[in-house]
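The report below looks at how parts of this structure are placed and packed. Please keep the sequence and the 3D view at hand while reading.

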Amino acid sequence: MLKTLFSTRPFAGFAEDWRADLNAGFLVSLIALPLCFGIATASGFPPIAGVISSIVGGLLVSRINGLPLGITGPAAGLITVLYSAVETLGAGDAWAGYRYTLAAIVVAGVLQVVLGITRTGRIAALFPAAIAHGMLAAIGIMIIGRQAHILLGTRPEVTSVWQSLAQIPVSLFHFNPVIFLIGLLSLAVLFGWPMFNNRGLGRVPAPIIAVLIGYLLGQAFNLNPAELYVRSEAGGGLLNPTVYTTAPQFLADIPEHLLDSVVFPDFGQFTTVAFWSAVIGLFLVGSLESLLVASAVDRLAPGPVRADLNRDIAAVGLGNVLSGLIGGLPMIVEIVRSSANIGYGARTANANLFHALFLLLFIVLLPNWLEGIPLATLAALLIYAGYRLASPATFAKAWDVGAEQLALFVMTLVAVLATNILAGIAIALVAKLLLSRWLGGRGMTLCGLFRLSYQKTLERPGDYRIVIDGPAVFSNFLRLKGELTRLPQGGHVVIDVSGASLIDHTVMDYMDRFSQRYTAAGGHCEIVGLEHLAAHSEHPLAARFGQPRD
């Protein structure tokens with residue numbers, strides 16, 4: 001696997017496609033720059049740490065990854081894990097917590113490399129989508145709960161996500177007019193700009209418009225980097241607010257020289273439970289989100305070349321090792337930037353490289369300007385990102401697939417908010433297994449939850465028939481998935497599910513994607529017997545069951 005990882009042609013397609021990739025890389029860098037700052041700040045890291053992550057991703061990971069059109073960099077989904085690690089490991093010392101968390105990022109990156117080398121990244125393809133999306137929705141709500149106070153210009157003392165959410169009405173009654181105005185206008189741009197549908201100025205990414213408006217308003221109100229403006233009790237109004245110096249309003253500590261931002265990790269807590277809890281959280285959430293996003297981006301990408309998820313997670317792991325060693329955030333394949341990259345016409349992995357080079361130029365040439373971006377604008381960017389993770393559309397999408405998917409989605413969301421990410425996922429997985437047992441009826445035994453009954457026969461050269469007998473669910477399908485992956489291309493494959501007692505949504509989705517890919521690669525795949533199974537909803541990929549449930 002390592003030999004394969006480094007045997008790629010790092011500049012394949014450069015001569016033919018550099019103009020398209022340069023344009024896409026530049027536009028994606030405009031989206032990435034403010035998000036890198038915002039995610040780093042919200043995670044308890046220096047703002048420059050987010051840019052370091054994206055630069056490492058573009059310069060290194062893009063040369064060896066398995067997803068040519070993916071953009072790697074920091075993501076909002078890891079904010080909660082990182083902030084918790086900094087707080088817990090630092091025990092009140094933010095700088096020490098930052099360095100300890102860098103060490104956790106390095107170790108988590110090593111585990112991701114092992115995940116890719118051992119080819120176990122394929123497990124993510126069978127992770128229940130409702131649990132993954134429920135986890136991300138919970139993270140989105142956490143982000144909104146914390147960033148809403150920054151957007152309003154208040155700093156309540158809160159220690160949990162529930163306290164943060166409960167304090168939002170209080171902050172609304174004590175908001176800072178200047179800061180709230182900047183944040184509100186930034187939010188309006190983020191939600192309203194896409195309505196231009198890429199016409200004229202609409203092609204400029206919404207985040208860069210929000211940042212420009214925030215910067216200009218900050219200059220107009222003469223905000224000071226070392227001051228936080230609060231509501232005047234004496235009626236000073238917007239132009240003459242009362243001031244007290246407690247926290248920065250602008251991004252601070254953007255170094256004049258990039259090398260000044262290099263910070264080395266501290267492995268002093270390597271043997272503690274808190275350190276390994278941070279490592280497991282970063283590894284699990286980062287790997288899961290990266291693999292799920294990579295799979296989604298792979299479906300968006302044009303052309304016949306498909307992603308190698310094992311290679312991709314190994315490359316991301318190497319990027320995280322390097323990023324953690326020099327002071328950067330962990331990276332994943334990021335959905336917003338990756339989909340924008342495809343939409344802007346990128347053709348090869350060199351678009352990711354160009355995006356990193358442009359970020360590097362911005363940091364080298366414009367450090368003083370970047371310090372003038374108000375935190376309220378960055379909070380608006382993160383609230384928008386959190387909303388996308390937990391929008392009503394995500395609930396509706398789960399409901400469309402089936403009531404059991406919505407129930408699992410909501411259960412995961414509540415479990416993560418009530419406990420933490422790792423415990424919440426564990427609770428949701430147990431709930432999913434119990435749900436599968438109930439839906440499977442008498443045909444579902446405890447052994448059947450983890451062992452799939454099927455037969456594969458070669459009827460004639462190139463023609464395969466796979467007959468599934470019994471329940472097929474996320475927890476027992478991995479072996480058959482491996483068999484399907486190893487089938488020779490260009491043949492004829494029939495998957496007969498008429499004897500299945502249950503097929504859950506995860507397996508239905510995987511079989512549908514396999515059929516499409518196998519056919520697109522020159523073969524033919526058909527799934528037969530679905531007419532003998534009852535669908536749990538009208539969705540074409542809803543769970544199916546073949547007998548009455550107990």
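## A pair of packed helices

Helix α6 (residues 129–152) and helix α19 (residues 421–440) pack at an angle of about 150 degrees, with their axes 10 Å apart, and are therefore roughly antiparallel to each other, a term used for angles over 145 degrees. Their crossing is right-handed, and the contact (heavy atoms within 4.5 Å) is made by Ile131, Met135 and Ile139 on the α6 side and by Ile421, Ile425, Ala428, Leu429 and Lys432 on the α19 side.

## Basis of the model

This is a predicted model, in which local features need pLDDT of at least 70 and side-chain atom pairs count only at pLDDT 80 or more, while totals for chains, interfaces and linings use all residues. Residues are numbered from 1 along each chain as its sequence is written, and side-chain values use heavy atoms, with hydrogens and water left out.

## Helix α3

Helix α3 covers residues 48–64, and because its 17 residues at 1.5 Å a residue should span 24 Å, the 24 Å between its end C-alpha atoms agrees with expectation; the expected span is 1.5 Å times one less than the number of residues. A kink of about 35 degrees is centred on Gly57 in α3, the bend being the angle between axes fitted to the seven residues ending there and the seven starting there.

Of the 17 residues of α3, 15 are buried, so the helix is largely enclosed by the rest of the structure; buried means under 20% relative accessible area, with a 1.4 Å probe and protein chains only.

## Thr377

Thr377 lies in helix α16 (residues 375–389) and is buried, with a relative accessible area of 0%. Leaving aside residues up to four places away in sequence, Thr377 touches Ile182, Ser186, Ala210, Val211 and Gly214.

Methods: Helix = DSSP H or I, 4+ residues; strand = E, 2+ residues; numbered from the N terminus. Buried < 20%, exposed > 50% of the residue type's maximum accessible area, 1.4 Å probe, protein only. Axes fitted to C-alpha atoms, helices over the stretch in contact; angles between N-to-C directions. Parallel < 35°, antiparallel > 145°, perpendicular 65-115°, else oblique. Left-handed = near helix turned anticlockwise from the far one by under 90°.
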